[in-house]
Amino acid sequence: MSAWQEKDNKLCREFKFKNFSEAFAFMSRVALAAEKMDHHPEWTNVYNTVEIKLSTHDAGNTVTDKDRKLAAAIDRIIG
């Protein structure tokens, strides 16, 4: 899995899993962390792949510390 990359004023990362069930379980864990932080990702899921893009809408859709903190929380979830 790759590291977070900043593209088009967003922190981006792709995660691949063994199957859809593992991908969905990961998304569920991320959703709980995001809700707790009141900062929600833009993401997509196709079968075993989850793509996440983080930016702060209140700051004009740019990357802020809020995004970096959520990215770090996601990194802890993925292990």
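Two strands count as paired if DSSP finds at least two bridges between them. The legends below describe a predicted model.

**View 1. The open sheet comprises four strands in the order β1-β2-β4-β3, with antiparallel pairing.** On average, and with direction ignored, neighbouring strands are turned by 25 degrees against each other.

**View 2. Strands β1 and β2 run antiparallel and are joined by three bridges.** Within this pairing, Lys-7 stands opposite Lys-10 in β2.

**View 3. Arg-13 in strand β2 makes a side-chain polar contact with Asp-75.** The contact between the two side chains spans 2.5 Å. Arg-13 has a relative accessible area of 11% and is therefore classed as buried, the cut-off being under 20%.

**View 4. Asp-8 has a positive phi, near 50 degrees, in the loop between β1 (5-7) and β2 (10-16).** Most residues other than glycine have a negative phi. With a relative accessible area of 74%, Asp-8 is exposed, because the value is over 50%.

**View 5. Tyr-47 lies in the loop between β3 (42-46) and β4 (49-54).** Phi of Tyr-47 is likewise positive, near 50 degrees, in a residue other than glycine.

Note on methods
Residues are numbered from 1 along each chain as its sequence is written. This is a predicted model: local features need pLDDT of at least 70, side-chain atom pairs count only at pLDDT 80 or more; totals for chains, interfaces and linings use all residues. Side-chain values use heavy atoms; hydrogens and water are left out. Helices (H or I, at least four residues) and strands (E, at least two) are DSSP runs, numbered from the N terminus. Buried means under 20% relative accessible area, exposed over 50%, partly exposed in between (1.4 Å probe, protein chains only). A polar contact is a pair of N or O atoms within 3.5 Å; within protein, one must be able to donate a hydrogen and the other to accept it, and residues adjacent in sequence count only if both atoms are side-chain atoms. Axes are lines fitted to C-alpha atoms, for helices over the stretch in contact, and angles run from 0 to 180 degrees between N-to-C directions.
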